[in-house]
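I opened this structure today for a first look. My notes follow in the order I looked things up.

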Amino acid sequence: MTKQKGLLFDSTLCVGCGECYSACKTQNNLKKTSDDCMKDHLSNETYTVVEDHQGNFVRKLCMHCESPTCVSVCPVGAFQKTELGPVVYDADKCIGCRYCMQACPHSIPRYEWSSLTPRVRKCIMCSDRVQQGLPTACSEACQPGATIFGDIEDLRAEAKKRIKDSPDQYFPEIFGLEEGGGTNVLVLSKAGVSFDQLGFASRIPKEALPELTANVLEKLPTVVSTGAVFLGGMYWLTKRKNEIRQEKLNNDKKESL
Amino acid sequence: MKANLLKFSFWKVVGIILVTAGVYSSIYRFTHGLQESTGLSDTFPWGLWTGFKLWSVCLAGGGFTLCAITHIFNIEQFKPLARPSILMAFICYLLFIFALLFDLGKPLDIWHVMIMWNFNSVMFEVAWCVMLYTTVLFLEFAPTILERFHLTKTLKVIKKVSLVIMIIGVLLSTMHQSSLGSLFLIVPAKMYPLWYSPLLPVYFYFSAIATGFAMVIFGSYQSARTFGRGLQLTLLSKLALYSAIFTIALIVIRFTDFAVNGKLQYLFVPVQETYLFWLEVVIGYFLPLIIFMQKSLRTNRKWLYIGSVLVVAGAMLNRMNTSITSLLRTSNTTYNPSIYEVSITLMLVVLGIFAFKLAVEYLPVFDEVELDEKVTDMGEALPDEA
């Protein structure tokens, strides 16, 4: 089996230079949206940003969930979790219902609102590069090594090791290890700085979110088949009841005559 | 009829203004895109049109419930109400489809759903249910049109398969009404606890039934007033009672869910969500219950009407709350529907009312009983007398 790839972002190492931001723009042919990457935000022309939360720099990008909600909710299957890990999108399939945007627990997908044939836009973890065995553009551009690319298993081990080796330096949790069933992007934070404080979504359940709807959808065949039998049965019963009543009425009439 | 068309009443003028504005907004929407025509944003991708879609389907609930009662459970006395409710449901579903075309980013690609399948998607289920059930509603309503134009042959064919169509219709409705609630199951972390619940599909299904009955009362009252027809008061007050039963069930399960999942404290937090929640349950549940649970009130045509309006308004508010209010807080943004969103929605409502009125005026929607009685009079009563 091919090993899934992923990204590890260590916010303690990030200096906020914005090289990842620029590299991403170049790699994906995205328009320039701001002179200062710190003041920019995710948009249809920006797949990743660096945010400053009281001196703590943190990147925002698609988390590439292991069980992505966007893949599960899309009615036409425009999203796909590739074998190597990146979650990719096919604009030709998309009809624009925007359920992916609504359903994403990290609120990542953006939309080309001003277009008449709008597409959903988000980080695709440089899927083409990854396919060729190259690292993502952002990780390649990162000088301090805050964003590293690799096999997801190795990255999980590395993240755990960093926390274990310097517990006074790191917040004791890894964002992305369990959130919504785990993600291919992992985030480490400085000691004392929780992920809420870095602007990550809190309250995300540990289970894979698509299971919440799968639990209901799998009941459908039962509901439909028992429903059909029940309705058919009720029809037959009530019809027979009406007939019997009618017959009785007729008999009574005849007797009275 | 011509004199009627030229007569300008207050509501007619309002209707014409709203439709004109709506047509202008529609053109604007399709030439300028969603950015300029809506208040939607990356952090708030669903708005008024989605809310409208949810409650227009909810209001269609009378279609499948009355079908089940009259054609499957064979409770003959309700037959006079079957056609108006099927008509109402048909119109509601058409409005849903229209609203969808405005809301979709690429409405011309809507057919993709037919060939690109994703069985894991609730939206996929919703799309197929809408397609199939709208077809079913058309077939259920077809006899009314066929009768009007005396197309007896086709009528006979449809009547032969009508039971199967009716059963399919009830099943599709059950799936569709509940799956609109299931749409929100996947956002547990984003939704405000007063609306998020694993039981959302059940809430949506039950409230569609309760609201469907109320809509039949509302529609019957309005057409009785407009066309000077009599009102089937005994039947309608029975429907009011049925509606009340499902409302009680809703209250019980929703508040039990609050208690079991430790959400009771949210009922008393002084924030906007709490106020809107209480407004929703007071208008939609408690006030109509007070009216419908008392025989003297539910057999009084004015109170019956007021009760039905409350149920419908409450259901509309519930769908808007579920799809908009509950998601605002975590989106860290505000959402103000644009003038175009509002005017297109109002246009759809006006067109729906107009279509209903037109159909009632020119098709035998409320006359089925009389026709049926005539048929049975000739078919059965005559030999009896002989």
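Which residues does B:C92 touch, not counting residues up to four places away in sequence? I found B:S56, B:V57, B:L59 and B:A60. Here two residues are in contact if their C-beta atoms, placed from the backbone, lie within 7 Å.

Ground rules next. I am reading a predicted model, where local features need pLDDT of at least 70, side-chain atom pairs count only at pLDDT 80 or more, and totals for chains, interfaces and linings use all residues. Residues are numbered from 1 along each chain as its sequence is written, while chains are lettered from A and ligands numbered from 1 in the order in which they are written.

**Core.** I looked up the largest nonpolar core, which has 175 residues. Such a core is a set of buried Ala, Val, Leu, Ile, Met, Phe, Trp, Tyr and Cys residues joined through C-beta atoms within 7 Å. A:C100, B:C92 and B:I217 touch the most other members. α5(B) supplies the largest share of this core, 16 residues. I count a residue as buried if 20 or more other C-beta atoms lie within 10 Å of its own, exposed if 12 or fewer, and partly exposed in between.

**Helix α2(B).** Helices are DSSP runs (H or I, at least four residues), numbered from the N terminus. I checked the length of α2(B). A straight helix of 28 residues would span 40 Å at 1.5 Å a residue, but α2(B) spans only 29 Å between its end C-alpha atoms. The expected span is 1.5 Å times one less than the number of residues. I then found a bend of about 95 degrees at B:T31. That bend is the angle between axes fitted to the seven residues ending there and the seven starting there. B:G22, B:S25, B:R29, B:L34 and B:S37 are buried in α2(B). The buried residues of this helix pack against α5 (79–103) and α14 (339–362) of chain B.

**Helix α14(B).** I repeated the length check here. The 24 residues of α14(B) should span 34 Å, and its end C-alpha atoms are 34 Å apart, so the two agree. Its buried residues include B:Y340, B:E341 and B:F356. They pack against α2, α3 (48–59), α5 and α9 (200–227) of chain B.

**Between the chains.** 40 residues of chain B are in contact with 51 residues of chain A. On the chain B side, α8(B) gives the most, with 7 residues.

**Chain A.** I noted domain 1 (5–208) and domain 2 (219–256), with bounds from an automatic or database domain assignment. Their centres, taken over C-alpha atoms, are 59 Å apart.

Definitions and conventions. Helices (H or I, at least four residues) and strands (E, at least two) are DSSP runs, numbered from the N terminus.
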